[in-house]
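This report concerns pairing between charged side chains. The sequence and structure are shown below.

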Amino acid sequence: MPTDFGEITAYHREEAARHYAMAQAARDRECFGEAEYQACLAARWDEAAREQMIVMRREPARHAAYRRPGYQSPEPRRIPFTVVCWLAIRRGIKRIALAIRQPLPKRTAPIEWLSLR
């Protein structure tokens, strides 16, 4: 069994094609039970190839960081500590202000036909 993602997908497809060919040969010999079995195996290999392609699309490229010897990926830009503290203080003040400004029940004017008693 291959270990590379692309080779695994190719292997699954080759196995599916081989089983489809064996199913066709069984149909030609009129062995319909064997043909159905081989077609089922081919469908499983085909499904495995599709799942492998989905996984390949989701996985990040492993080889991108190793293109050149000694390659170091750039570090993410750091936010200065004072800016982080300032943002945290502002967020805290906003939370405190919202807690203080809790909605107070307001009196509403009574509607003519509706009594609020």
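This is a predicted model: local features need pLDDT of at least 70, side-chain atom pairs count only at pLDDT 80 or more; totals for chains, interfaces and linings use all residues.

## Overview

Side chains of opposite charge can pair when their charged atoms come close. Across the whole structure, the search identifies three salt bridges. They are taken in turn below.

E15 and R18 are joined through their side chains by a salt bridge, with an N to O distance of 2.7 Å. Both residues belong to helix α1, which covers residues 5-28. They are three residues apart, or about one turn of the helix.

The two partners differ in their accessibility class. E15 has a relative accessible area of 14% and is therefore buried, since buried means under 20%. R18, in contrast, is partly exposed, its relative accessible area being 40%.

## Salt bridge between R29 and E34

A salt bridge also links R29 with E34, where the closest N and O atoms lie 3.2 Å apart. E34 has a relative accessibility of 37% and is classed as partly exposed.

In helix α2 (residues 32-58), R50 and D46 are four residues apart, about one turn of the helix. Their salt bridge has its closest N and O atoms 3.3 Å apart.

Key. Residues are numbered from 1 along each chain as its sequence is written. Side-chain values use heavy atoms; hydrogens and water are left out. A salt bridge is a side-chain nitrogen of Lys or Arg within 4 Å of a carboxyl oxygen of Asp or Glu. Helices (H or I, at least four residues) and strands (E, at least two) are DSSP runs, numbered from the N terminus. Buried means under 20% relative accessible area, exposed over 50%, partly exposed in between (1.4 Å probe, protein chains only).
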